[in-house]
Amino acid sequence: MTTRLLGRWARLLSRCPQASASAAHLQGPTAQPAQPLRSQVQIRSAVRPLCLGHGRAQEEEPNVTFKRTKLDMLVEKATTPQEVLQAWEDLGGSPNQAASCLSQLSRLVVGKGGADSADVLQDPRCVDLLETVNSQVSVIWNGTLVSLLRSLSNLGLTPSATVLRSLQTEALWRLRRLTYRQLSYLVDWASSRHSQGQGDEALTAAVLKQLELRWTELSDPRTVSTLMGRATQLSPFLMDKLEDKALELAEKFSAEDIRKVALALASQGRRAVPLLRALSYHLHQKPSSELKTPLLLDIAFAYGKLNFHQTQVFQRMAAELLPRLPEMSSTDVTRCSKSLAFLKWLHLPLFEGFAQHFQSNSEKYSTLQLCNLLMSFAKLNFQPSNREEFYRRVHEALEGSWQGLEPFLLADVVWSLCVLQQAKPEFIAALTDPDFQTKLSGGSPVRTENYRLKLLHIAASGQLESLGALGVHPTIHLPTIQAKAPSLTSLQSGLHTALQSLTSSCTTALRTDVNTVYGWTIDAELVVDSENKPVSLEKLVAPHLPGGGGSEQLPQGAHRLAFLAWEFPHFGSRSKDLLGRFAMQKRHLQLAGFLVVEVPYFEWLELKSDWQKVAYLKDKMGKAIAEDMAK
């Protein structure tokens, strides 16, 4: 206790001039032990006891006045590794200066592609730098220590090198004295090494634990984006806290920070809607100079992966990309069109620009890129204004390469061409061939069923749209998967109830959930006579059914009606236009002899009572029959 009191008194005397002056008269033999005790206290205070809490590392670093030396200036101005090594050989320096030299060496070697890294590491001067760092690793500053680990890894130093292991051990001992930003850079380095199979498990686990315990210290936007970029290594608890911090600091994010956070969320499938809205708002406020083309493409990809719709951001994106289309590569155009197709967002001028870009640079598009562009157009049911020239170039590009495509990709491309009504007879003949169908039988049952339906749609295009070659047999040999029947939506169940009320006088006049030979499912089927009264379906011929139905032909003047319930996902974003798949369904059913009665969700939701729904369906039926008779 006496020693502690004397130590505190000695520190107070050194800080208070008045107390020091008044105490000068009291100096005597009893006061002699105060001076050595003061120095002991100063030495001990520089070392952090383990019992202390998680204070900020700014308090741990000594208050040192940095004085630039000639070595520092020469290293900073060096443009080649040899200049750095020569400066160290001529002047020498402290361990911290040796670490700075190594960091500059790494930047210069990596800037030249890393070809000289082996020669640099074997240079005696570089070996002397490494030995200097290794011999006095305990005096290297925290920030320099963290950056040196990354620099030596980039320089090509093996994980088993003595100096690298010493630095890792020192970093492990100093974890509680590192700032949160330094911890984030350290875990970023450790994660990158771990992905290469060279990571230190103990160091990575300890850093992650410190990040979880000290997350309240996080106050830097760049640190948030850096950490979220390594989301695969972080625990769900820490990711939740990082999302909260990102939402709090979103106003301070640069456009690059927004890109990193959006990609991190997309890679983990974390659809944090409040955070995505905040990022979208602040991204929309950024000047055009910050919205580079790669950044916009990454944002489009992240939003497409998360199925997050933000119309203002999409419009700003289209406005920024339209003037840059001539400068964009075929990869950029393909990426952007694919992301916007996932979002079901059709911007006509931008997609017209994509089509024109292909026409002007068709020789620069690979077959895979062209396939992705066609699938994007088909999903959105987009037809270029100059469609003849566009599809002429498409078929020229596919002419010598389509047969070499992977079977599943070929099925997707031909199905997309059927949506766009541009499939050639030889395409359909190749895909309906039994030998080709066996190539699609592998994979999960869900995937097999998906491609079985696509082959049925392709065969229906050849049969109904006169695209099939002579002798093409539309039979599909892939087995039908007995999957669980999907549950009815509120729109479908309401439609069935209203139609049952409409046909209550004839219970056999209505079929629901009809699976056709064309691969399409009809929500409800109804046949009405010339007086618009329901007719029993039991004995009527039905060529659209697998069994063919009964044997009696439709009565004179009768009409076969197909009711299709169009849900919200069947339309493009912010649009009342059907997506390509459902536009082809409507077209095929019309060609098969049905009068299609469309029941979109936005009209059905306005009907409140049962009698309104029945009256709505009667009106729809009457209009469909009148239009057919007018033709």
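In which sense do strand β3 and β4 pair, and over how many bridges? Strand β3 (residues 559-566) and β4 are paired in the parallel sense, over six bridges.

## Basis of the model

This is a predicted model, in which local features need pLDDT of at least 70 and side-chain atom pairs count only at pLDDT 80 or more, while totals for chains, interfaces and linings use all residues. Residues are numbered from 1 along each chain as its sequence is written, and side-chain values use heavy atoms, with hydrogens and water left out.

## The sheet

An open sheet is formed by four strands in the order β1-β2-β3-β4, with mixed pairing. Two strands pair if DSSP finds at least two bridges between them; strands (E, at least two residues) and helices (H or I, at least four residues) are DSSP runs numbered from the N terminus. At the edges stand β1 (510-515) and β4 (595-600), each of which pairs on one side only. From one strand to the next, the twist averages 30°. Within the pairing of β3 and β4, Ala565 has Val599 of β4 as its bridge partner.

## Helices on the sheet

Helix α27 (residues 490-502) lies across β1, β2 (521-528), β3 and β4, and runs at about 150° to β3. Helix α30 (residues 610-630) also packs on the sheet, touching β2, β3 and β4, and its direction makes about 145° with that of β4. Contact here means heavy atoms within 4.5 Å. Axes are lines fitted to C-alpha atoms, for helices over the stretch in contact, and angles run from 0 to 180 degrees between N-to-C directions.

Ser490 is found in helix α27. Ser490 counts as exposed because its relative accessibility is 62%, the classes being buried under 20%, exposed over 50% and partly exposed in between (1.4 Å probe, protein chains only). Its C-alpha atom is separated by 9.8 Å from that of Tyr601, 111 residues apart along the chain.

## The cavity

The structure holds one cavity of 30 Å³ or more. A cavity is a set of points on a 1 Å grid over the protein atoms alone where a 1.4 Å probe fits but cannot get out, and lining residues have an atom within 4 Å of a point. The largest cavity contains about 40 Å³ of space, a volume being the space filled by probe spheres set on the points, which are joined across faces, edges and corners.

Leu283, His284, Leu291, Leu296, Val313, Arg316 and Met317 line the largest cavity. Two or more lining residues come from each of α16 (273-284) and α18 (311-321), and α18 gives the most, with three. By class, the lining has five nonpolar residues, one polar and one charged; Ala, Val, Leu, Ile, Met, Phe, Trp, Tyr, Cys and Pro count as nonpolar, Asp, Glu, Lys and Arg as charged, and the others, Gly among them, as polar.

Terms used: 1 Å grid on protein atoms, 1.4 Å probe; cavity = no way out; pocket = protein on both sides within 12 Å on 5 of 7 lines; lining within 4 Å.
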